[in-house]
Amino acid sequence: MDRKAMKENAGKAAVDKLVRDGMKLGLGTGSTAITAVRYIGGLVEQGALNNIKAIATSFQTELECEKRRIPLYSLNSPEINGSLDLTIDGADQIDHDHFCVKGGGGALFREKLIAYASKTYAIVADETKIVDMLGRTFPVAVEIIPESRVFVCMELAKLGAECVLREAVRKAGPVVTDHGNLLLDITFKSIAGLVYPALLEEQINHIPGVVENGFFTKKGPHAFIAREDGTVDIWD
Ligand code: 5RP
């Protein structure tokens, strides 16, 4: 089975198991989470899912919801009132503690806000995303205020991180996030021994100028992991 089909399997499994009529839903970003958004859109169109209220984690997801006529709200709107029943999102990496690295699509800030505002949090991924140790082979995104770029890079180096400013494709200069900020992609390749994601998540966020980082260690998500043989493992 190819990866596209695996992503669709993960998205469908999560929606079938967790999504119900009337829910306030956080909808994730990226090629795997979008399969869940499209599947939800299909159910809404068929009348098989009713009265949902959705929050998008990015501009990409907002556009997809508009296209699928999924009713969109803001986290601040009275109908949502700052809390959600469920969020379904993707991940760049997941380890066996259900800790994740996210932000490959640059949406980590709103993704974390919405994840942390949700009673239930679910990650959809294919088995290639499972790793023994986060932060070594896939960069962890750090969203920063533009003015803080050089300072934050120096502080991250003290934590053992190698830092690269994320460059845009088909636009000269850096990627600018949905919130007008910049992204650093950092790796911990040179750390001898273990990388401690829960500690790093806090340490990185204590650096002035950092808006948010792509270690997700606090929510203990359910995970729907699509296998190449067509099955989906559910990690509760
Ligand atoms: C975006 C994310 C995505 O969920 C993550 O990059 C996974 O994307 P994909 O499913 O396309 O591999 O965190 O900021």
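The following legends describe close-up views of a predicted model. Residues are numbered from 1 along each chain as its sequence is written, and side-chain values use heavy atoms, with hydrogens and water left out. In this predicted model, local features need pLDDT of at least 70 and side-chain atom pairs count only at pLDDT 80 or more, whereas totals for chains, interfaces and linings use all residues.

View A. The ligand is surrounded by 16 residues, a residue being counted if one of its heavy atoms lies within 4 Å of the molecule. The closest are Ser31, Thr32, Asp92, Gly103 and Lys129. By class, the shell holds two nonpolar, nine polar and five charged residues. Here Ala, Val, Leu, Ile, Met, Phe, Trp, Tyr, Cys and Pro count as nonpolar, Asp, Glu, Lys and Arg as charged, and the others, Gly among them, as polar. The space taken by the ligand is the largest pocket. A pocket is defined on a 1 Å grid over the protein atoms alone, as an open set of points where a 1.4 Å probe fits, with protein on both sides within 12 Å along at least five of seven lines. A molecule sits in a pocket if more than half of its atoms lie within 2 Å of its grid points.

**View B. Polar atoms facing the ligand oxygens.** A polar side-chain atom of Thr32 is 2.6 Å from a ligand oxygen atom. For Glu111, a polar side-chain atom lies 3.1 Å from an oxygen atom of the ligand. At Gly106 a polar backbone atom is placed 3.4 Å from an oxygen atom of the ligand. Taken alone, the ligand exposes 380 Å², of which the protein buries 91%; accessible areas come from the Shrake-Rupley method with a 1.4 Å probe.

View C. Asn51 is not a glycine, yet has a positive phi of about 60°. Asn51 belongs to the loop between α2 (33-46) and β2 (53-56); helices (H or I, at least four residues) and strands (E, at least two) are DSSP runs, numbered from the N terminus. Its relative accessible area of 63% makes Asn51 exposed, where exposed means over 50%, buried under 20% and partly exposed in between (1.4 Å probe, protein chains only). Arg69, likewise not a glycine, has a positive phi of about 55°. Arg69 is located in the loop between α3 (59-68) and β3 (84-89) and is exposed, at a relative accessible area of 71%.

**View D. Side-chain contacts of Asp126.** Asp126 is part of strand β6 (residues 118-126) and is buried, with a relative accessible area of 0%. Its side chain makes a polar contact of 2.3 Å with the side chain of Thr128 and another of 3.3 Å with that of Arg3. A polar contact is a pair of N or O atoms within 3.5 Å; within protein, one must be able to donate a hydrogen and the other to accept it, and residues adjacent in sequence count only if both atoms are side-chain atoms.

**View E. Side-chain contacts of Thr217.** Thr217 occupies the loop between β11 (215-216) and β12 (222-226) and is buried, its relative accessible area being 10%. The side chain of Thr217 is in polar contact with the side chain of Glu201 at 2.5 Å and with that of Lys218 at 3.3 Å.

Methods
On a 1 Å grid over the protein atoms alone, a cavity is a set of points where a 1.4 Å probe fits but cannot get out, and a pocket is an open set with protein on both sides within 12 Å along at least five of seven lines; lining residues have an atom within 4 Å of a point.
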